[in-house]
Structures are given as C-alpha cells and as structure tokens.
Amino acid sequence: MRLVVLGCAGSFPGPDSAASSYLVQARDADGRTWSAVLDLGSGALGPLQRWGDPAAVDVVALSHLHADHVADMAVLGVYRRYRPTGALPPLPVLGPAGTRERLAHLSGHDPATDTQEQFDVREWRAGEPVRVGPLTLEAVPVEHPVPAFGIRVTGPSEAGPGRRVTLAYSGDTDACDGLDALAVDADLLLAEAAFVEGRDDHVRGVHLTGRRAAEAAARGGARRLVLTHVPAWNDPRAALTEAATVYAGPTSLAAPGATYTL
C-alpha cells in the first residue's frame, strides 16, 4: 500500500501546496492497482493528475464537508463529465450525512456543472467497513464543529505477501476517543496539526496541535507519525518540536508529492 500526499495545507491552499488530499493505492492479487482519494480539497485536482488519470480513481472518501477538504469535488465532476474519451459510470463517494447536498452547492446548481450523475454518494456508517478492491476503509467519528470522521485504510503491505498494514487518517479533529481508536496499532498515523500549543489553547473541539497528535500516536502504539494540515501562517517546525516531546517514533511533516510505502 502506498500513500501519496496531494495537498497538505491547512484550512486553505498555501503558496506551495493544495489543501487536504491524499492518494492511497494498492495492488490486488491480479496486479490491478486500486486508488482511493481521501479528501479532495481546494486545488488538489491538479496534483492528482500527476499520478495518473483522475478517471481511474476507484473511490473518494470524504472526512467532512469543509471546503478545504471537498472543494475540488466540483471540478472533478466537470473533468469526468466533459472528458473527450466518453462518459464514465458514477464514482463511489463516501462521506457524512449531507454530502450529496454539499456537492450540489459546490456546483452552483448549474446544469452545466451538476455532479449528481457523476457521483454515487454513500453515507459513512461508523463500524461498517467498506471494501474497495484490496482496501478496506472504515470511518471513525471524531470531534470537529461539523460531522467529521477519521478514516482507517487497511490493505496489502508492499513488504511481503499476506501482510496487511493500516493507514490512519485523522481528518480534522481535536483530541478525542475517536482519534485514539484511529491510532491503535496503525502503521502510519496521518494527523492534522493546525493549532499551536499555547497560542490556541482557548479554542477546543476544532483542531489538534503537534503535541496532541503525538499523544494519540503514543497511546495507540502507532509506528509512524506524519503531521499534516499545517496552515501557511504556522511555523511547521513548531508542530514537529511539540510532537517530539511525547512521541519517540519516526515523525515527519507531510509535503506535496511525498510518498510513503507501507
């Protein structure tokens, strides 16, 4: 299984990165590569095209419906609808309640950009895994001002046949039981770190700091921590410094185009 960072800027696209979006790929026993996109935030359709034809994506999994995680779904619909090589079957899209209506709002209820025929929208149900080829996706409710989920993705390891590995993606959340559940025994915890200890302590229930993300990684026994969703106005080194005080495992910052093999 492979993770590719398409966009990792927090809350809005940064000068060097699209907003949140991550490509997860795995090969099945027949050698076919399956692709899942976790979130498709502002500007993320551009880098997605560097890794292949967006029409080949098998599923899009949305953690929540804020624009920095879903805005490029509107232009993905345009891409799929007007590509000159012909029509495509509806793309499965997993998301929280209200996803269909949110995508309609993004397209402006314009018949020329309507996404209804392009996406087969399905609502996340906590505790009900979804199989996509060799990948299993499971949504875990987390704490954010709108309905939000972290996503555990389990699939075949690149290290050897028969071994399964798990990527845990926090989405946007504060520290909570759901985050702890996501991190348990994860081979890689991809966790947002939009807030800074001390500066943002008065705002709870919205985002993690590097320290809070690392505490979850340590409690859950995650084997690697990658910090993401850092806004352009933050010093990303602050998140790394915070994390290092409570988590001894390998820790790094997500960067556009970074690839992790599990």
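1. In this predicted model, strand β11, helix α5 (residues 177-183) and strand β12 form a β-α-β unit that is right-handed, in the sense that, with the strands pointing away from the viewer, the path from the first strand over the helix to the second runs clockwise. Helices (H or I, at least four residues) and strands (E, at least two) are DSSP runs, numbered from the N terminus.

2. The two strands of this unit, β11 and β12 (residues 188-192), pair in the parallel sense over three bridges, where pairing requires that DSSP finds at least two bridges between the strands. L188 of β12 is the bridge partner of L167.

3. Strand β10 (residues 149-156) runs antiparallel to β11 and is joined to β11 by six bridges, with G155 standing opposite V165 of β11. Strand β11 (residues 164-169) is mostly covered, since five of its six residues are buried (under 20% relative accessible area, with a 1.4 Å probe and protein chains only).

4. In helix α4 (residues 99-106) the buried residues are T99, L103 and A104. They lie on the same side of α4 because they cover an arc of only 140 degrees around the axis, taken from the directions from the helix axis to the C-beta atoms. Their cover includes α3 (73-82), β6 (91-95) and β7 (119-123), contact being heavy atoms within 4.5 Å. After α4 comes G108, whose phi is positive, near 75 degrees.

5. On conventions, residues are numbered from 1 along each chain as its sequence is written, and side-chain values use heavy atoms, leaving out hydrogens and water. Local features need pLDDT of at least 70 and side-chain atom pairs count only at pLDDT 80 or more, whereas totals for chains, interfaces and linings use all residues.

How values were computed: Buried < 20%, exposed > 50% of the residue type's maximum accessible area, 1.4 Å probe, protein only.
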